[in-house]
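Okay, thanks for coming, everyone.

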Amino acid sequence: MRWTRKRLCWALVALYCLFSLYAAYHVFFGRRRRVPGASPLRLGKGAAPVRGRRGREQSTLGSEEWNPWEGDEKNEQQHRFKTGFQILNKSTKGKADFQVQIWGKAAIGLYLWEHIFEGFLEPTDVTAQWREGNSIVGRTRYSFITGPAVVPGYFSIDVNNVVLVLNGREKGKVFYATQWLLYAQNLVQTQKLQHLAVILLGNEHCNNEWINQFLKRNGGFVELLFIIYDSPWINGMDILQWPLGVATWQPQETNESLKNYQEALLQSDLTLCPVGVNTECYRIYEACSYGSIPVVEDIMTAGNCGNTSVSHNAPLQLLKSMDAPFIFIKNWKELPAVLEKEKTIILQEKIQRRKMLLHWYQRFKTELKMRFTNILESSFLMNNKG
């Protein structure tokens, strides 16, 4: 019996030693599992469908090979970045010496805040009645408010400087925008507001005479006007051009159709951008957001837009002044030659071209943010001293 127990103990010790050697072998000499590599992307040879859709940005650059879906793979990382950014905003609250509030009463306000300022809104529910966010740029602390509950006379005014985002594209919108300007005029006259600038989605024919009476240059109170489309009023001083941006609204859009459109942009080397009522369209910026080169019909449309005596770059003078890496054509008969040239470009060159477009678009938005802030600070602060 004693001998049997001794043999059993030795057997257990031997098994333990064998197991330890087996584990050590796998730890130090075992083969590591390989992470499955992403399949090479096949860049589409066609152009993206000619549709105007809302585009959210997927401007993250991957490794040497372009992976358009890596934004989806990094959702968790982006969420952590967002949380950290919001904490940073809270920690820097009050450190800026100049405060501006933005009243976003047009959809283009979301392009300003979420795309150019890369700001966030709380709550995240897009159907919320009231949404707000904060950001600091340079010496300026911005607060942004938007939503159906932002109504004249029904919210407190606790700042001296306001940027009002308005839609003046059609008559119904002009009436609504005028009510906001009359409300702002009363605030200025009662000294509850010192300075006001306006970002205006102008008429596509550049018929914006209705706002003339409100401009400070004409005896009004609007010190700065940032206007969309190639208005002949643009002078680089108190009237400046602003980009149309991506569509931040979804008319008759579904999640499936939006995803299909975004994937078409991701898979397309080129995106055709023919003129509509105006040369500038959402599709140009949506294509940039996904690295697809816009092929832009570079002609002036009917109406009062463009001022060739001031700028020979019209139309799209803002984009051209910032060296947009687009393909501009005067006639669609030029398109076959463009497509033939595409056939000679190898995959790696197309990948690099996409990256360059995304880098340019990011610089474009950053430059606009800094210009916007510098203009507000120099104009409003200078008038304070005066």
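So, how many aromatic pairs does the structure hold? The count is 24 aromatic pairs. Keep in mind that this is a predicted model.

A quick reminder before I go through some of them: a pair of aromatic rings is described by the distance of the centres and the angle of the planes.

Let's take Phe98 and Phe380. Their ring centres are 6.4 Å apart and the planes sit at 70 degrees, which is over 60, so we call this pair edge-to-face. Where are these two? Phe98 is in strand S2, residues 98-104, while Phe380 is in helix H10, residues 347-385, so the pair ties together parts that are 282 residues apart in sequence. Phe98 has 3% relative accessibility, so it counts as buried. Phe380 is buried too, with a relative accessible area of 0%.

Now look at Phe226 and Trp242, which also make an edge-to-face pair, at 5.8 Å centre to centre with 75 degrees between the planes. Here Phe226 comes from strand S7, residues 222-228, and Trp242 from strand S8, residues 239-242, so this pair ties together parts that are 16 residues apart in sequence. Phe226 counts as buried at 2% relative accessibility, and Trp242 does at 3%.

There's also a cluster: ring pairs link Tyr111, Tyr285, Phe326, Phe328, Trp360, Tyr361 and Phe364. One of those rings has a lysine over its face: Lys320 lies over Phe328, at 5.3 Å from the ring centre.

S2 and S4 run parallel, and seven bridges join them.

Is S4, residues 140-146, buried or exposed? Seven of its seven residues are buried, so the strand is largely enclosed by the rest of the structure. In general, side chains in a regular strand alternate between the two faces of the sheet. In S4, Thr140, Tyr142, Phe144 and Thr146 point one way, Arg141, Ser143 and Ile145 point the other way, and all are buried.

What about S3, residues 131-137? S3 pairs with S4 in the antiparallel sense, over seven bridges. Thr140 turns up again here, with Val137 standing opposite. The S3 and S4 hairpin has two residues between the strands, and Gly138 takes a positive phi near 60 degrees there.

That's what I wanted to show. Over to you.

How values were computed
Residues numbered from 1 in each chain as written. Predicted model: local features only at pLDDT ≥ 70, side-chain atom pairs only at ≥ 80, totals over all residues. Heavy atoms only, no water. Phe/Tyr/Trp six-rings, centres within 6.5 Å; stacked < 30°, edge-to-face > 60°. Helix = DSSP H or I, 4+ residues; strand = E, 2+ residues; numbered from the N terminus. Buried < 20%, exposed > 50% of the residue type's maximum accessible area, 1.4 Å probe, protein only. Lys NZ or Arg CZ within 6 Å of the ring centre and 35° of its normal. Pairing = 2+ DSSP bridges.
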